[in-house]
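Have the structure open while you read.

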Amino acid sequence: IVFCAVHQPFLVAVRAFAARRPRADCRGSRLSPAVARFCWPIGPACRKTPLIIRNLVTAMSSRNFASVHELLAALRPSYPVMCFWPERIAMTARRFQTGFPGKVLYAVKCNPHAIVLSAVHGAGIRDFDTASLNEIALVSERFNDVKCYFNHPVKSRTAIDSAVRVYGVDNFVVDHPGELSKLIEVAGSGH
């Protein structure tokens, strides 16, 4: 199972796991103890039904470990696990801002996880490169003192309108005269 990001729905991974995993009984005899804790049988006859993994991402999001070694010893995972070091993220962001003479924008598409966004914001970055209305909402609804730049070259009229009216976005990227005309038509010439 491969997880693209912690915040994404787990349903697809669960279905993939359930479809490929051999059948096991209620005790999860074919699963490692760490994974079996997060499993439960479905159907009336649990000895004959596949196990489904609960949302490991949610279950693990509240756990903190001093090191990767401690995590591996405690969980013995048979699934991918994302690890974050918010202090290192913030330190790197501050170092980059110190060494770069221009305006620094964090590209939300790189990693939109709340831990990462909070670390970057905590380090002083207030400008965000967003490529979708969803990313604009994610950042704008989390922080009050940020500026989003709608940097996707092709945007729908609805996305432009919502970005301007709902989130106050006033910086856009265009790479074609037709996109510029659409932007002026929807958002006005001041954007």
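Q: Why is Phe96 called partly exposed?
A: This is a predicted model, and in it Phe96 has a relative accessibility of 47%. Buried needs under 20% and exposed over 50%, so Phe96 at 47% lands in between and counts as partly exposed.

Q: And Phe100, buried or partly exposed?
A: Partly exposed, because its relative accessibility is 37%.

Q: What makes the aromatic pair of Phe96 and Phe100 stacked?
A: Their ring centres are 5.4 Å apart, with 15° between the planes. A pair needs centres within 6.5 Å, and stacked needs planes under 30 degrees apart, so Phe96 and Phe100 pass on both counts.

Q: What about the rings of Phe128 and Phe143, why is that pair stacked?
A: The centres lie 6.3 Å apart and the planes meet at 10°. With the limits at 6.5 Å and 30 degrees, that pair is stacked as well.

Q: How do you know that the pair links distant parts of the chain?
A: Phe128 sits in strand E4 and Phe143 in the loop between H7 and E5, 15 residues apart. Both Phe128 and Phe143 are buried, and together with Tyr106 they form one aromatic cluster.

Q: Why is His121 called buried?
A: Its relative accessible area is 12%, and the cut-off for buried is under 20%, so His121 qualifies. His121 is found in helix H6. Leaving out neighbours within four places in sequence, His121 is in contact with Arg126, Phe143, Asp145 and Val146.

Q: What makes the charged end of Lys155 count as sitting over the ring of Phe150?
A: The distance to the ring centre is 5.3 Å, against a limit of 6 Å, and the charge must also lie within 35 degrees of the ring normal. Lys155 is listed as sitting over that ring. Likewise, the charged end of Arg88 sits over the ring of Trp85, 5.6 Å from its centre.

Q: How do you know that E3 and E4 pair, and in which sense?
A: DSSP has to find at least two bridges between two strands, and E3 and E4 have three, in the parallel sense. Within this pairing, Tyr106 stands opposite Phe128. E4 and E5 also run parallel, joined by four bridges, with Asp129 opposite Tyr149.

Q: Which way do the side chains of E4 point?
A: Asp127 and Asp129 point one way, Phe128 and Thr130 the other, and all are buried. In a regular strand, side chains alternate between the two faces of the sheet.

Conventions. Residues numbered from 1 in each chain as written. Predicted model: local features only at pLDDT ≥ 70, side-chain atom pairs only at ≥ 80, totals over all residues. Heavy atoms only, no water. Buried < 20%, exposed > 50% of the residue type's maximum accessible area, 1.4 Å probe, protein only. Helix = DSSP H or I, 4+ residues; strand = E, 2+ residues; numbered from the N terminus. Contact = heavy atoms within 4.5 Å. Phe/Tyr/Trp six-rings, centres within 6.5 Å; stacked < 30°, edge-to-face > 60°.
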